[in-house]
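Biologist: Before I look at this model, could you show me how to read its features one at a time, beginning with the general idea and then turning to the case at hand?

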Amino acid sequence: MRTMLVASSKGGVGKTTIATHLAAQAALDGLRTALVDADPQGSATRWAQRRAGLESAVLPLDGTRRKAWRRMLPEDTQRVVIDAAAGAMAEDLDAFLEIADVALVPVQPSMLDIEATVPFLDSLARHPRVRRGELRVGLVANRLRPWTQASQQALDLLARWPYPLAAQLRDSQAYVMLTALGKSMFDYHSQQIREHQADWQPLLKWVRR
């Protein structure tokens, strides 16, 4: 079983979108997948409920009570994706950090978002598993507009941070529509969608290492 944690203390960075896409991709690959929703807003749970009728359904689990969800996890689960609560620092996520194989931190391309993420990354750096190299941490540049100077400046800054930039995901309204349907970019095969799927390949490769 492989466990991926998607977390950030900054709200509105696309954390749930990334978590649901990782869960959908794993399920479409034929892996028995659980999506642990630790955010009281319950957006990831509603997404999984809308997906329930598909062959690539994902099992939603309530993660708001720390470790209680583990009692509900089927023994044959192959992939777990955790959508952490917005505003949580590393000390609030200890129950997840102790079991995760990788932690992904979404960052939007603005100085305000980047500066707001620094305290969270500092709190992660103090966690024993991160210090020992047992838990890999990767950044996900999200909602990029590659043609803008702001996005390019943000990427240049992120490249100097001690954590690797695992993916660069372009901005698209399609993500909003697909979330409302319980779907993901991986459920479709049009040319336009394939361009967005290509953005995810470095991230999928990184989490599988």
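Predicted model: local features only at pLDDT ≥ 70, side-chain atom pairs only at ≥ 80, totals over all residues.

Biologist: At what angle do the axes of helix H1 and helix H8 cross?

Modeller: Helices (H or I, at least four residues) and strands (E, at least two) are DSSP runs numbered from the N terminus, and axes are lines fitted to C-alpha atoms, for helices over the stretch in contact, with angles from 0 to 180 degrees between N-to-C directions. Here the axes of H1 (residues 15–28) and H8 (residues 191–208) cross at roughly 75° and come within 12 Å. H1 is therefore roughly perpendicular to H8, a term for angles of 65 to 115 degrees, whereas under 35 is roughly parallel, over 145 roughly antiparallel and the rest oblique. With contact meaning heavy atoms within 4.5 Å, H1 contributes Thr 17, Ile 18, His 21, Leu 22 and Gln 25, and H8 contributes Trp 200, Leu 203, Leu 204 and Arg 208.

Biologist: How many residues does the largest nonpolar core have?

Modeller: A nonpolar core is a set of buried Ala, Val, Leu, Ile, Met, Phe, Trp, Tyr and Cys residues joined through side-chain atoms within 4.5 Å, where buried means under 20% relative accessible area, exposed over 50% and partly exposed in between (1.4 Å probe, protein chains only). The largest one has 35 residues, and those with the most contacts inside it are Leu 5, Trp 69, Leu 93, Phe 96, Val 105 and Leu 124. Among the elements that each supply at least two residues of this core are strand E2 (33–37), helix H4 (111–125) and strand E6 (136–144). Leaving aside neighbours within four places in sequence, Leu 93 is in contact with Ala 7, Ala 84, Ala 88 and Phe 120. A second, separate core of 31 residues includes Leu 22, Leu 104, Leu 203 and Val 207.

Biologist: How many aromatic pairs are there?

Modeller: A pair of aromatic rings is described by the distance of the centres and the angle of the planes. Rings of Phe, Tyr and Trp (its six-membered ring) pair if their centres lie within 6.5 Å, and planes under 30 degrees apart count as stacked, over 60 as edge-to-face and the rest as tilted. The count comes to 2 aromatic pairs. The ring centres of Trp 69 and Phe 96 are 6.5 Å apart and their planes stand at 35°, so this pair is tilted; both residues are buried. Phe 186 and Trp 200 form an edge-to-face pair, 5.7 Å centre to centre with 75° between the planes. Phe 186 is buried at 12% relative accessibility, and Trp 200 is buried at 0%.

Biologist: Where does Arg 143 lie, and where does Leu 157 lie?

Modeller: Arg 143 has its place in strand E6 and is partly exposed, with a relative accessible area of 32%. Although Arg 143 is not a glycine, it has a positive phi of about 60°. Leu 157 lies in helix H6 and is partly exposed, at 22%. Not counting residues up to four places away in sequence, Leu 157 touches Met 111 and Ile 114.

Technical notes. Residues numbered from 1 in each chain as written. Heavy atoms only, no water.
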